[in-house]
Amino acid sequence: MTKAAMNRFLTEYPDALNDGLGAVFIGAGVSMAAGYPSWSGLLSDIADELEINSRNVHDLAALAQWSIQESGGATRVRNVIRKEIGPDKPIPETLDILARLPVRHIWTTNYDRLVERAFAAISRPLNPISAPKDLALRTTPGAALLYKMHGSVDRLDDIVISTDDYELFRSRRGQYLPLFQAHLTSMSMLFIGISFTDPNVRHVLSLIRESFTDSPPEHFAIVRAPKRSDFKTKDEFSARLAQHKLWTKDLKRYGLLAVEIDDYDEVPALLRQIERRVAARRIWVSGSWPLEQGGSEPANIHAIAEDIGRRIGETNRYLVTGAGLLVGSASLSGFLTALRNGGGWDLDRRLIARPFPQPLKTGIPKDDEWAALRQELARQAGIVVFIGGAKLSNGLPVPADGVESEFDFAKAAGVFLLPIGATGGAAEKICNRLQDSGLASKGSSAMRPTDKELKALSDTTAMATTEGRRSLVDLVFQIIDRVTRIG
């Protein structure tokens, strides 16, 4: 069951993300990985003041409630949260990866600002929604949305922590519920860092159960099994392990498929697999060719680039383009034709364009600006197809420095490198460099075609005929299909 759940997660969730239907729910385990305390740790001092042991209190919201009753207000609890949650902790790798994924909706019951900081680190816009009235605000175009259901550390007067807060959630913060229920209905949600001891999770699960009494939509939950080292005695460990097994089975009632791991340290590697599979559907077409060159070469380069773009569109993949001379416009033309013929004008989702500014003949390209664009293209793509890549020198085509630079950026980013050497220019040079190189050509870490495939992609006689060019494109997509399956 665990292996089947893992396979489904690695197959279905990347598709949901690529289709704009992937959401994330972040639990306390993610914050604990950054060094923030658990719920029981957070309230341990308050428990001592009440002369009880927080480890023995299963209803931690009640513990906060008792403190409020004893002290006559929530100031003590809020001060503890400010002290323990307020300071910035190192951003865990899990959130670094999540910030890079094409997820637009993130839900959490955590108070900290880790998600906000992870997005800010890569200059990706994010709109936090930590109070119900924030739902009415106009969002930043293109920004991801962070729904902080139980409030935020920077607005301590409006957080959910006590029994009263949970019981009155519907009247005080009920505006979140229709949207949360809509996302549970229409999206595939990934739950990370949840535990059956977290009162916030129990609250969220009750909302799911309330919304879907029968046959709830399926979602995924990455959960860590208890370890012997977590407990002082063998009996305590056995009891908690038995509870965990029953809890993971019970998650099915809420439509959650448990993806079990041995340790939270495995989460980043798992998410990197998701990131790789998401990127595998994003094809960067890199290349150029001087328009002023005579002969049949420009027309042949245009034909193969247009066919590559069309096939990207027809196979429901994403086109990543810098709109380079000839190759960029041809691949874009083929891609748009495929979308138009298929009735799928979802350009906002499937076209990732970072056009290079084309200076006049008297102008000088801005090297720093172009390098930044190339780095961004490499970050967005999972596979890069090199076509041509030439410029004129003394009237003759020579490899274009810019395309070779794109090869270097793509290689550094771990992108799969797929040159069509038969198209000449930088693509031919890259093809020769990759043959017999130390880069892996098979398995999940593959970064290039096999030597046999590279040799076939270098067959210059194929460029002379329509059938030959089609055979090159067929081979390109056979390789892409293999890379996508392996993930």
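# Helices, strands and charged pairs

Guide: Helix α13 (residues 234-250) lies across β6 (219-224) and β7, running at about 175° to β6. Here helices (H or I, at least four residues) and strands (E, at least two) are DSSP runs numbered from the N terminus, contact means heavy atoms within 4.5 Å, and angles run from 0 to 180 degrees between the N-to-C directions of axes fitted to C-alpha atoms, for helices over the stretch in contact. This is a predicted model, in which local features need pLDDT of at least 70 and side-chain atom pairs count only at pLDDT 80 or more, while totals for chains, interfaces and linings use all residues. Residues are numbered from 1 along each chain as its sequence is written, and side-chain values use heavy atoms, with hydrogens and water left out.

Visitor: Which strands stand at the edges of the sheet, each with a single partner strand?

Guide: The open sheet has seven strands with parallel pairing, in the order β3-β4-β2-β1-β5-β6-β7, where two strands pair if DSSP finds at least two bridges between them. The twist from one strand to the next averages 20°. One side of each edge strand has no neighbour in the sheet, because each has a single partner, and these strands are β3 (126-129) and β7 (256-261).

Visitor: What is the bridge partner of Ile26 in β2?

Guide: Strand β1 (residues 22-26) runs parallel to strand β2 (residues 105-108), and four bridges pair the two. Within β2, the partner of Ile26 is Thr108.

Visitor: How many residues of helix α8 are buried?

Guide: Buried means under 20% relative accessible area, exposed means over 50%, and partly exposed lies in between (1.4 Å probe, protein chains only). The buried residues of α8 (residues 114-121) are covered by elements including β1, α2 (28-33), α7 (93-100), β2, β3 and β4 (144-148). The buried residues are Leu114, Val115, Glu116, Arg117, Ala118 and Phe119, and of the eight residues in this mostly covered helix the number buried is six.

Visitor: With which residue does Arg117 form a salt bridge?

Guide: A salt bridge is a side-chain nitrogen of Lys or Arg within 4 Å of a carboxyl oxygen of Asp or Glu. The closest N and O atoms of this pair are 3.8 Å apart, and the partner counts as exposed at 54% relative accessibility. Arg117 is in helix α8, whereas its partner, 29 residues away, is in the loop between α6 (75-85) and α7; that partner is Asp88.

Visitor: Which are the edge strands of the sheet that pair on one side only?

Guide: In a second open sheet, five strands pair in parallel in the order β10-β9-β8-β11-β14. Neighbouring strands in this sheet are turned by 20° against each other on average, direction ignored. The two at the edges are β10 (351-353) and β14 (416-420).

Visitor: In β10, what is the bridge partner of Val320?

Guide: Strand β9 (residues 318-321) is joined to β10 by three bridges, and the two run parallel. Across from Val320, the partner in β10 is Ile352.

Visitor: At about what angle does helix α15 run to β11?

Guide: Helix α15 (residues 297-314) lies across β8 (282-288), β9, β11 (383-388) and β14. Its angle to β11 is about 160°.

Visitor: How far away is the nearest side chain of opposite charge to Arg282?

Guide: Arg282 lies in strand β8, and residues it touches, not counting those up to four places away in sequence, include Asn18, Val320, Ile352 and Gln380. Lys and Arg count as positive and Asp and Glu as negative, with His and the chain ends not counted. Arg282 is buried yet has no salt bridge, and the nearest opposite charge, on Glu376, is at 7.6 Å.

Visitor: With which residue does Asp401 form a salt bridge?

Guide: The closest N and O atoms of the pair are 3.1 Å apart. Asp401 lies in helix α19 (residues 401-412) and the partner in strand β12 (residues 390-393), so parts ten residues apart in sequence are tied together. The partner is partly exposed, with a relative accessible area of 36%, and it is Lys391.

Visitor: Is Glu404 buried or exposed?

Guide: Glu404 meets Lys429 in a salt bridge (3.1 Å, N to O), and because Lys429 lies in helix α20 (residues 425-434) and Glu404 in helix α19, the pair ties together parts 25 residues apart in sequence. Lys429 is partly exposed, with a relative accessible area of 39%. Glu404 has a relative accessible area of 16%, and so it is buried.
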